[in-house]
Amino acid sequence: MQRYVLRRALNMLPVLFGLTVAVFLVMRVIPGDAASAMLDESPTAAAKEELRRQLGLDRPLAEQYLTWVGGVLHGDLGTSFWTNRPVSGEIRRTAPVTIELALLASLAALVVALPIGILSAVKQDTVWDYLGRSVSIIALSVPSFWLGTLAVVLPAIWFKWVPPVTYQPLWEHPRQNLAQFWLPALVIGAGSSGAMMRMTRSALLEVLRQDYIRTARAKGLAPRSVILRHALKNAMVPVITMFGALVGGLLTGAVITETIFNLPGFGSLTINAISQRDYPQIQANVLMFGLVYTVINLLVDLSYAMLNPRIRYG
Amino acid sequence: MAELTALQVAGPAHTPALPGRALGGVLRFVRRKPFGAAGGAIVLALIIVAALAPLIAPYDPQQSIRGARLLSPRPAHPMGTDNIGRDLFSRIVYGARISLYVSVAATVLGIGTGLLFGLLSGYAGGWVDNVIQRAMEVMLAFPGLILALALVAMLGASLRNVLIAIAVGAIPNASRVVRGVVLSARQEDYVTAARLLGASGARIVFRHILPNTMAPVIVLASVSFGTAIVAEGSLSFLGLGIPPPTPSWGGMLSGPSRRFMTTSPWMAVFPGLAISIVVFGVNAFGDALRDVLDPRMRG
C-alpha cells in the first residue's frame with residue numbers, strides 16, 4: 001500500500017509539470033495580448049511596448065516560463081497585472097468561499113442521491129424505481145446556470161425573497177453565512193446528484209445479486225440490516241469513484257453559481273481575471289484547479305482500499 | 001439441418017428491402033427502449049426545428065419589434081418578448097441551430113481527434129503511446145468547463161472558438177477508450193492474420209481495427225453531444241460564448257436581460273427549458289444506445 005501511494009504521488013509530478021507547460025503555453029502562444037487589453041482602445045505602439053517590457057512579456061518564452069515555474073516552486077504564483085499584488089493572496093481570500101460551497105454541495109448531493117438511489121435499487125422495476133430514475137435523468141439534464149437563475153428569480157416573484165448578497169464568513173456570522181450558502185449549494189448539489197443516484201442504484205443492484213447477500217438473507221437478517229450493513233458498504237466503492245469525477249462538476253458548478261449568487265469565491269475570481277485578461281491570475285487559478293482535481297482523484301483512488309479490503313495495490 | 005433451415009429463412013428471398021429493414025429496426029428499438037425512443041424523438045425534433053427555423057419562426061430573431069418590449073406570452077408571441085422587444089419563440093427556434101451546430105461540430109471534431117490519437121497510441125505503442133497518454137492525462141487534469149473557459153479567454157469569444165474549446169475537452173476520453181479497444185484488438189487472430197498476409201500498419205488500423213471501435217465511439221459521441229450543448233450554454237451564460245445578438249440559449253439567460261427576469265420570468269424560463277428538454281432527450285437516447293451497442297459500458 002505504501003509503495004502504491006508513493007508511486008501514485010510520484011506519477012502526479014509529470015502531470016503537474018505538464019500542467020504548468022500547458023497553462024503557460026495556452027496563455028502566451030495563442031494570439032491575444034495582455035498589454036493591448038490593459039491599455040485604451042487604440043494604444044500607441046510605444047505605449048504597448050513599454051507596458052510589455054514592464055510586465056516582462058518582451059523576454060524570450062523559455063525565460064518567462066522558467067521564471068514563473070521557479071516562482072511556483074518557491075510558493076510564489078506571480079503578481080497580478082492589474083492590482084500588482086501577489087495572486088496567491090487573492091486565491092487565499094477566495095478559496096474558503098468555494099471550499100465551503102463545494103463541501104455543502106457534496107453534502108446536498110449525497111443527502112439527495114443516496115436515498116433515491118437505494119430506493120430505486122431495492123424496489124427495482126416498480127413505480128418507485130421509474131420515478132427515481134426519472135429524477136436522476138432530469139437532474140443530469142437541467143444545466144446549473146438555469147437552475148441557479150430560477151432559484152434566484154422564482155422566490156423573488158413568489159415570496160419577495162432574494163438571497164443575501166453581502167458575504168459573511170462562516171466563522172464570524174455562521175447564521176448569515178448559511179442563509180447565503182444553502183441555496184447555491186443546493187443548486188450545485190442537484191446537478192451532481194443525478195450521476196450519483198444512477199451510480200448508487202446500479203452498484204447496489206450488482207451487490208444485491210452476490211452470494212453473501214443471499215447468505216445474509218438466509219440467516220434471517222432483517223432486510224434493512226442486509227441493505228444498510230452488508231450491501232451498501234460495498235456498493236459505495238464505485239459511488240466514491242464517481243465522487244472523484246464529480247469534483248470537476250463541483251468546481252465548474254462553483255464558477256457558475258458564484259457568478260449568479262454574487263459570492264466572492266474562486267470561481268468569480270477566475271471569471272473576473274479572464275474578463276480583465278489578468279494572465280498571472282488566470283495561470284495560477286487554472287493551475288490550482290488542476291492541482292486540486294488531481295489530488296482529490298488520488299485521494300479517491302486511495303480510499304478504495306479502506307472501503308473494500310479485497311482491492312489490493314501492487 | 002436446422003442450420004440449413006435458418007439460412008433459408010434468412011436468405012435473400014425473405015429479406016425485406018433496406019428501408020423496410022431499417023423501419024423494422026426502429027420499431028424494435030421503440031418497443032424495447034420506449035424511454036430512449038422518446039429521447040430520440042426529441043433529438044429528431046431539434047434537428048427538424050433547426051433545419052426549418054426560417055419557416056417555423058414568425059419573426060426575425062435579432063430584430064426588435066416596435067412597442068413589444070417585455071410582453072408576456074400571448075398568441076402573437078407564444079413565449080413572450082425580451083427586454084429589447086425581440087420575439088422569444090423565434091430566438092429559441094433559431095437558437096436550436098446554434099446548439100445543434102456547436103454540439104455536432106464539437107463532437108465530430110473532438111471525438112474524431114481523440115479517435116486518431118487513440119488509434120495511433122494503441123497501435124504504435126512504445127514512446128508514441130507514452131507521450132500521447134501523458135498529454136491526455138494533463139488534459140484530464142482540467143475540469144472541462146475550466147479548460148474551455150481558459151481557451152475561450154485566450155482565443156476570444158466567437159462561434160468557432162467556442163466550438164474548438166468544447167471539442168478539446170472531448171479529446172482525452174475518446175483517445176483513452178479507443179486506445180483500450182485497439183490494445184485488445186491487437187491480440188486478436190484476425191489482426192495477426194492480416195499482418196501475416198502482408199497488410200500495412202495503416203491498413204490494419206483503418207480497415208480491421210477501426211470498425212471495432214465504432215460501438216464505444218458512438219456511445220461516447222452521444223454523451224459528448226449532451227455535454228457540448230450544456231458547455232455552449234454555460235460559456236454563453238458566462239459571457240464567454242457566442243457573442244450577442246446571435247441567439248444562443250445560454251446567452252439568452254445572461255447579460256442585461258437578467259435585470260428584467262423577476263418582472264418578466266418568461267425570459268428566464270423558456271431558454272432554460274429548451275436546453276433541459278434537449279439534453280434530457282440526448283441523455284435518454286444515449287442511454288438506450290449504450291445498452292444496445294455496448295452493454296459493457298452499462299451504468
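Everything here comes from a predicted model.

- A:Glu90 pairs with A:Arg93 through a salt bridge, with 2.9 Å from N to O.
- Why are A:Glu90 and A:Arg93 separated by about one helical turn? Because they sit 3 residues apart in helix H5 of chain A, which covers residues 87–122.
- A:Glu90 also takes part in a salt bridge with A:Arg85, where the closest N and O atoms are 3.9 Å apart.
- With a relative accessibility of 16%, A:Glu90 falls under the 20% cut-off, so A:Glu90 counts as buried.
- In general, side chains of opposite charge can pair when their charged atoms come close.

**Another salt bridge in chain A, and the overall count**

- A:Arg59 and A:Glu63 form a salt bridge too, and their closest N and O atoms are 3.3 Å apart.
- Both partners count as partly exposed: A:Glu63 has 36% relative accessibility, and A:Arg59 has 33%.
- Over all chains, the search of the whole structure turns up 11 salt bridges.

**Where chain A meets chain B**

- How many residues does each chain bring to the contact? Chain A brings 42 residues and chain B brings 40 residues.
- About 3,500 Å² is buried between chain B and chain A, and carbon and sulfur atoms give 80% of that area.
- On the chain B side, B:Phe142, B:Ile146 and B:Met154 supply 18% of the area that chain B buries against chain A, more than any other three residues.
- The number of salt bridges between chain B and chain A is 1.
- A:Arg198 and B:Asp287 form a salt bridge across the two chains, with their closest N and O atoms 2.9 Å apart.

**Chain A on its own**

- Chain A has 12 helices and 0 strands, so reading from the N terminus the elements run α-α-α-α-α-α-α-α-α-α-α-α.
- Its C-alpha trace spans about 85 × 60 × 35 Å along the principal axes.
- Of the 314 residues in chain A, 49% are buried.
- Taking contacts in chain A between residues at least 6 apart in sequence, 72% join residues at least 24 apart.
- Chain A exposes about 16,000 Å², with 65% of that supplied by carbon and sulfur atoms.
- On the charge side, chain A carries 27 positive and 18 negative side chains, and the centres of the two sets are 17 Å apart.

**Chain B on its own**

- Chain B is built from 12 helices and 0 strands.
- The C-alpha atoms of chain B fill a box of roughly 75 × 55 × 30 Å along the principal axes.
- Buried residues account for 47% of the 299 residues in chain B.
- For chain B contacts with a separation of 6 or more, 70% come from residues 24 or more positions apart.
- Chain B has 24 positive and 12 negative side chains, with the centres of the two sets 5 Å apart.

Terms used: Residues numbered from 1 in each chain as written. Chains lettered and ligands numbered in written order. Heavy atoms only, no water. Helix = DSSP H or I, 4+ residues; strand = E, 2+ residues; numbered from the N terminus. Buried < 20%, exposed > 50% of the residue type's maximum accessible area, 1.4 Å probe, protein only. Contact = heavy atoms within 4.5 Å. Lys, Arg positive; Asp, Glu negative; His and termini not counted. Charge placed at Lys NZ, Arg CZ, Asp CG, Glu CD. Buried area = accessible area lost by both parts, 1.4 Å probe. Salt bridge = Lys/Arg side-chain N within 4 Å of Asp/Glu carboxyl O. Areas by Shrake-Rupley, 256 points an atom, 1.4 Å probe, with all protein chains shown as cover.
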